[in-house]
Amino acid sequence: MADLSDKLQTGHIAPGKLGSGRPFGKFETAAPVLPERAENGDSVSEFAAGIFTSQAIKGYPLTHILAASDRSAVFKALDPVMDRPVAVKAMRPYPGRAGAVEEFFSLAGSIARLRCPGVARGLDAGRSPGAFYLVYEFVSGETLAAKMARRQSGKLTEKEAARLVRALAEVLRNLFEAGHPHGNLKPANVILADGGKPFLTDIAFAWTMAWPDDAGAFLAKPDFLPPERLAGELNIDIRGDLYSLGAMWFWLLLGRAVFPADQETAGLEAAAAEGGADGPDPLAALLKRRDRKAPTARALDANISDDTSKLIQWLLEKNRDARPRTPREFLRRLASHPLLAEEGGGMAEAGEAGTEMDAETEAGLDATQ
């Protein structure tokens with residue numbers, strides 16, 4: 001990449017490529033107070049605390065920690081030049097991965113070029129000491145994970161879930177037809193904006209995905225990842241996003257993951273640490289999960305209709321060739337679902353208001369029962 005030296009020297013993508021490359025300037029802000037928890041309830045990791053207290057993202061004063069893990073963190077920040085809030089995701093580099101820098105800036109550039117309804121826009125990217133970062137437009141709202149955590153039942157009704165899945169599939173269709181899969185679809189990466197419109201954030205970097213690093217630490221939670229990812233494939237494919245959509249639909253209806261944590265999947269890092277070189281293989285449980293057939297939703301809850309259960313099972317096929325080939329193919333089948341067919345209107349075209357949920361579904365998500 002011709003401009004890679006500029007990126008490495010300045011810490012920003014060269015002007016005209018993705019971000020402005022602008023310096024911090026003379027903008028002044030009060031020193032932030034480190035919170036005990038991130039806004040989504042996560043414990044503030046050492047990584048997140050270090051970035052936040054040192055204000056390590058040049059040019060973007062960090063004001064809130066939105067989410068945090070050992071390997072990444074999401075912050076609310078201020079763009080002092082444009083006088084607007086932005087979201088900043090900071091990530092540790094993948095340890096020892098050849099070509100990681102080039103890969104990061106290549107994907108960051110493709111994200112910035114996206115103009116896709118329902119997807120938070122990429123605005124800037126760069127390097128700071130100990131982290132890569134990507135700056136997104138800030139979407140005001142609440143994550144789907146947080147909304148569901150506030151519901152006493154932890155579930156949606158079948159109709160509410162079908163409507164939300166339709167809205168998410170329409171965003172995936174827009175993204176796919178813009179030439180870019182998501183790669184890390186999960187409730188924490190869905191923001192329900194004011195008015196109920198779902199936005200997708202955190203388009204995945206292949207090198208930050210499911211496969212463990214050299215220390216056995218997993219770079220993403222596997223609950224919503226497709227089986228091909230658990231096999232170590234880094235090839236991002238829209239059919240993997242559709243599997244993740246099916247896993248989310250299952251979770252919305254049943255209040256649990258397709259393969260919930262149990263003795264096979266819990267404490268993998270701890271098992272590796274305790275076992276040492278000759279101890280339990282931390283990958284064994286994930287590989288076993290990869291090869292297991294997903295249970296049907298109806299088998300676990302007889303109140304779920306056969307129509308819904310079959311659609312979920314189609315999305316959760318182990319062989320990605322057996323899943324819908326595209327979001328549009330899935331939406332055509334979903335449009336005939338008895339709970340949705342009566343609403344008419346078919347599929348909304350890309351860019352139209354079809355990605356917005358109706359008031360009834362939005363009210364259901366806000367309910368506490």
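**Close-up views: sheet, helix and cavity**

**View 1. β2 and β3 pair in the antiparallel sense.** S72 stands opposite M91 in β3. The model shown is predicted; local features need pLDDT of at least 70, side-chain atom pairs count only at pLDDT 80 or more, and totals for chains, interfaces and linings use all residues. Residues are numbered from 1 along each chain as its sequence is written, and side-chain values use heavy atoms, without hydrogens and water. The pairing of β2 with β3 runs over eight bridges (strands pair if DSSP finds at least two bridges between them). The two strands form a hairpin with four residues between them. There, D83 takes a positive phi near 55°. Strands here are DSSP runs of E, at least two residues; helices are runs of H or I, at least four, numbered from the N terminus.

**View 2. Five strands make an open sheet with antiparallel pairing.** The order is β1-β2-β3-β5-β4. β1 (62–68) and β4 (122–128) are the edge strands, and each pairs on one side only. From one strand to the next, the twist averages 25° (axes are lines fitted to C-alpha atoms, for helices over the stretch in contact; angles run from 0 to 180 degrees between N-to-C directions).

View 3. Five bridges join β1 to β2, and the strands run antiparallel. H64 has K76 of β2 as its bridge partner.

**View 4. β5 is largely enclosed by the rest of the structure, because six of its seven residues are buried.** Buried means under 20% relative accessible area (1.4 Å probe, protein chains only). Strand β3 (residues 84–91) is joined to β5 (residues 131–137) by six bridges. Within this antiparallel pair, A87 has Y136 as its bridge partner. V86 stands opposite E137.

**View 5. β4 and β5 form a hairpin.** Six bridges join these strands, which run antiparallel. G126 faces Y133 of β5 as its opposite residue. The turn holds two residues between the strands. In that turn, G130 has a positive phi of about 85°.

**View 6. Helix α2 (residues 46–54) lies across β1, β2, β3 and β5.** Its direction is at about 170° to β1. Which residues of α2 are buried? They are F47, A48, A49, I51 and F52. These buried residues pack against β1, β2, β3 and β5 (contact: heavy atoms within 4.5 Å). After α2 comes Q55, with a positive phi near 50°.

**View 7. The largest cavity has a volume of about 80 Å³.** A cavity is a set of points on a 1 Å grid over the protein atoms alone where a 1.4 Å probe fits but cannot get out; lining residues have an atom within 4 Å of a point. Two cavities of 30 Å³ or more turn up in a search of the whole structure. The lining of the largest cavity is made by G183, L225, P226, E228, R229, N235, I236, D237, G240, D241, S244 and R320. Helices α6 (227–230) and α7 (238–254) are the elements that give two or more residues to this lining. The largest share, three residues, comes from α7. By type, the lining holds three nonpolar, four polar and five charged residues. Asp, Glu, Lys and Arg count as charged; Ala, Val, Leu, Ile, Met, Phe, Trp, Tyr, Cys and Pro as nonpolar; the others, Gly among them, as polar.

Methods. 1 Å grid on protein atoms, 1.4 Å probe; cavity = no way out; pocket = protein on both sides within 12 Å on 5 of 7 lines; lining within 4 Å. Points joined across faces, edges and corners; volume = space filled by probe spheres on them. Buried < 20%, exposed > 50% of the residue type's maximum accessible area, 1.4 Å probe, protein only.
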